[in-house]
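User: Hi, I have a chain open on my screen and I would like to talk it through. Could you help me find my way around?

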Amino acid sequence: MDFKKIILIIVLFLVLFLSLLYFLKQNDSNTSSKNSLSPEEQMVSDRISPLGNGEGFWDEAISPFREDKTKPYLELLEDLKSGKVNFVWEVWALRRKCKPDFTPDQCNATILAYIDAEYDSPDREKVKDLFISYFRYEEEYRKWEQPTDLNFVELYEKIKAKRREILSDKAELIFGMEESQVSFLEGTNNFLKQTTNLSADLRVKQFEDFKKKTYGNYYDSLVSREDKFDHYQMEMSLRDKEYASIADPKEKEKYLFKIESKYFGKEKAEALANERKKETKLWESVSTYESKEKEFLRENANLSAVDKEKKLKELRIQILGSEEEADAYIRRKNIEEASK
């Protein structure tokens with residue numbers, strides 16, 4: 001969990017600077033397409049969590065700039081406050097609509113012209129002010145020499161202060177959701193340590209309370225973007241002690257089924273249970289075969305290599321159930337040997 005937390009925080013830290021990347025490449029990007037990402041950018045984009053997948057921001061963001069109808073300023077304001085709209089996503093999405101040979105200033109001007117065309121006063125001026133303020137923030141941020149002797153938490157506090165210095169109360173609208181997520185990630189490790197001796201049910205409840213308190217107004221929007229499997233994994237990690245203490249395999253299976261039904265529904269939970277049964281049966285068969293294989297080789301040391309392999313193949317098919325499973329077993333063993 002500690003490692004996962006560190007990775008997520010590093011990813012978030014990198015995400016802070018993705019929106020500036022377009023501007024940092026001013027002289028180099030005029031002839032390159034803004035629809036393509038470097039491997040480093042793509043790696044970061046692919047791992048944004050739980051804000052969602054970084055690819056195709058325009059398609060995924062709940063944009064105030066849909067083709068059919070623009071979002072009134074007051075509605076946009078509420079969506080920003082609740083996290084329903086991620087402002088930075090919208091900027092990235094709109095910039096991807098700019099022509100590949102546009103300079104950053106031209107692209108910004110196009111976005112502002114779009115707002116001029118789509119909005120009426122007084123919404124026009126208010127929406128434009130948000131974007132102009134953000135563009136100014138990017139410009140000032142680029143000039144800022146960041147301290148190099150701080151850890152992530154200390155540096156992030158400096159970044160938050162810089163945002164408020166430049167953007168004032170708009171910093172909360174633009175970056176509040178991201179900042180609440182970083183606070184949650186920072187606090188999660190402490191929560192796990194402090195609650196390690198609580199009962200599993202109480203630990204799960206308190207974790208959700210901690211999450212709601214930390215995310216605040218953004219809770220519903222952030223949770224709605226999270227993957228169900230991530231929720232499931234988190235709850236199982238909170239229940240790890242209780243689950244590990246169950247000795248009876250049947251009781252363990254009942255425990256898993258209950259949690260999986262909660263997140264994936266009864267039908268999917270049954271399918272997962274059946275897969276585990278198949279896997280257990282397979283590995284029991286593999287264990288039986290490997291025991292028989294050792295016995296056979298010990299008792300038939302003088303057989304030729306060809307005869308040995310012929311007899312072992314027959315034994316594999318007999319115990320593992322089919323020639324396909326027997327061949328699959330050999331492939332797995334070959335891969336294991338090669339990896340050593």
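Analyst: We can go through the chain as a whole and then look at a few places in turn. Please keep in mind that this is a predicted model.

User: Okay, how many helices and strands are there in the chain?
Analyst: The chain has 17 helices and zero strands, and 39% of its 340 residues count as buried.

User: And what about its surface?
Analyst: The accessible surface of the chain comes to about 20,000 Å², and carbon and sulfur atoms account for 51% of that area.

User: What share of the contacts comes from residues 24 or more positions apart?
Analyst: If we take the contacts in the chain with a separation of 6 or more, residues 24 or more positions apart account for 63% of them.

User: Let's move on to H16 and H17, at what angle do they pack?
Analyst: Helix H16, which covers residues 305-320, and helix H17, which covers residues 323-339, pack at an angle of about 115°, and their axes are 8 Å apart. The crossing of H16 and H17 is right-handed.

User: Which residues make that contact?
Analyst: On the H16 side they are Lys313, Arg316, Ile317 and Leu320, while H17 contributes Glu323, Glu325, Ala326, Asp327, Tyr329 and Ile330. Sorted by class, the contact of H16 with H17 has five nonpolar and five charged residues, with no polar ones.

User: Which residues does the "coiled-coil region" annotation cover?
Analyst: According to the unreviewed UniProt entry, that annotation covers residues 298-332. In this model the span is 80% helix and 0% strand, and its end C-alpha atoms lie 23 Å apart.

User: New topic: where is the cis peptide bond?
Analyst: It joins serine 121 and proline 122, with an omega of about 0°. Proline 122 sits in the loop between helix H6 (104-118) and helix H7 (123-143).

User: What about serine 168, what is its phi?
Analyst: Serine 168 has a positive phi of about 60°, although it is not a glycine. Its place is in the loop between helix H8 (152-167) and helix H9 (170-194), and serine 168 counts as partly exposed because its relative accessibility is 47%, which falls between the cut-offs of 20% and 50%.

User: Last one, is isoleucine 159 buried or exposed?
Analyst: Isoleucine 159, which is found in helix H8, has a relative accessible area of 0%, so it counts as buried, the cut-off being under 20%. The C-alpha atoms of isoleucine 159 and glutamine 146 are separated by 8.5 Å, and these two are 13 residues apart along the chain.

Methods
Residues numbered from 1 in each chain as written. Predicted model: local features only at pLDDT ≥ 70, side-chain atom pairs only at ≥ 80, totals over all residues. Heavy atoms only, no water. Axes fitted to C-alpha atoms, helices over the stretch in contact; angles between N-to-C directions. Helix = DSSP H or I, 4+ residues; strand = E, 2+ residues; numbered from the N terminus. Left-handed = near helix turned anticlockwise from the far one by under 90°. Contact = heavy atoms within 4.5 Å. Nonpolar A, V, L, I, M, F, W, Y, C, P; charged D, E, K, R; others polar. UniProt positions renumbered as here; feature names shortened; annotations may be inferred. Buried < 20%, exposed > 50% of the residue type's maximum accessible area, 1.4 Å probe, protein only. Areas by Shrake-Rupley, 256 points an atom, 1.4 Å probe, with all protein chains shown as cover.
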